Amino acid sequence: MSETTKIRTVDDDTFAADVEQAQGITVVDFWAPWCAPCRLVAPVIDQLAQEYDGRVTFAKVNVDDSPGTAARYGIRSIPTIAVFRDGEPVDGIVGAAPAAVLTKVIERALAA
């Protein structure tokens with residue numbers, strides 16, 4: 001995890017431990033460096049990671065580096081923001097969504 005952000009970088013080798021075995025809510029940003037919409041949503045994810053620090057875990061998966069995880073969860077378009085509760089996928093958004101939309105999805109997961 002970077003010192004400047006609250007977002008974990010996970011890959012095929014660490015996804016199970018960091019996301020599937022995690023308790024609580026984990027928001028996973030499936031992205032790639034060449035993806036322009038991914039670059040647009042990255043600062044929004046950074047902001048939300050700061051706002052929800054201590055309540056929600058945030059992770060990023062580079063789909064080019066982790067094709068197994070992307071395939072297992074049916075990621076066909078990026079960015080895809082997936083929400084996991086106690087290691088199980090419960091919600092998500094495909095595409096570069098604004099902060100207000102992502103906040104609604106996170107709040108819905110926290111309230112459930």
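This is a predicted model: local features need pLDDT of at least 70, side-chain atom pairs count only at pLDDT 80 or more; totals for chains, interfaces and linings use all residues.
A disulfide is a covalent bond between the sulfur atoms of two cysteines. The structure holds 1 of them, and the partners are Cys35 and Cys38, with 2.4 Å between their sulfur atoms. How accessible are the two cysteines? Cys35 has a relative accessible area of 4%, and Cys38 has 3%. Cys35 is therefore buried, given that the cut-off for buried is under 20%, and Cys38 counts as buried too.

Next come the salt bridges, which number 5 in total. Three of them are described here, beginning with the one between Lys6 and Asp53, where the closest N and O atoms sit 3.5 Å apart. That pair links distant parts of the chain, as Lys6 belongs to the segment before β1 (7–10) while Asp53 belongs to the loop between α2 (36–51) and β3 (56–62), 47 residues apart. On accessibility, Lys6 is partly exposed at 35%, and Asp53 is also partly exposed, at 44%.

Another salt bridge pairs Asp29 with Lys60, and here the closest N and O atoms are 2.9 Å apart. Once again distant parts of the chain are linked: Asp29 is in strand β2 (residues 25–31) and Lys60 is in strand β3, 31 residues apart.

Arg108 is part of helix α4 (residues 99–111) and Asp91 is part of strand β5 (residues 88–94), so the pair ties together parts of the chain that lie 17 residues apart in sequence. Arg108 is partly exposed, with a relative accessibility of 47%. Asp91, at 26%, is likewise partly exposed.

The backbone has a couple of spots worth a look. Ile78 and Pro79 are joined by a cis peptide bond, with omega at about 0°. Pro79 itself is found in the loop between α3 and β4. The other spot is Asp86, which has a positive phi of about 50° even though it is not a glycine. Asp86 turns up in the loop between β4 and β5, and its relative accessibility of 40% makes it partly exposed.

That leaves Tyr73. Where does Tyr73 lie? It is in the loop between α3 (67–72) and β4 (80–85). With a relative accessible area of 25%, Tyr73 is partly exposed. Leaving aside residues up to four places away in sequence, Tyr73 touches Phe15, Glu20, Phe84 and Pro89. Take Pro89 from that list: Tyr73 and Pro89 are 16 residues apart in sequence, and their C-alpha atoms are 8.7 Å apart in space.

Key: Residues are numbered from 1 along each chain as its sequence is written. Side-chain values use heavy atoms; hydrogens and water are left out. Helices (H or I, at least four residues) and strands (E, at least two) are DSSP runs, numbered from the N terminus. Buried means under 20% relative accessible area, exposed over 50%, partly exposed in between (1.4 Å probe, protein chains only). Contact means heavy atoms within 4.5 Å. A disulfide is a pair of cysteine sulfur atoms within 2.5 Å. A salt bridge is a side-chain nitrogen of Lys or Arg within 4 Å of a carboxyl oxygen of Asp or Glu.
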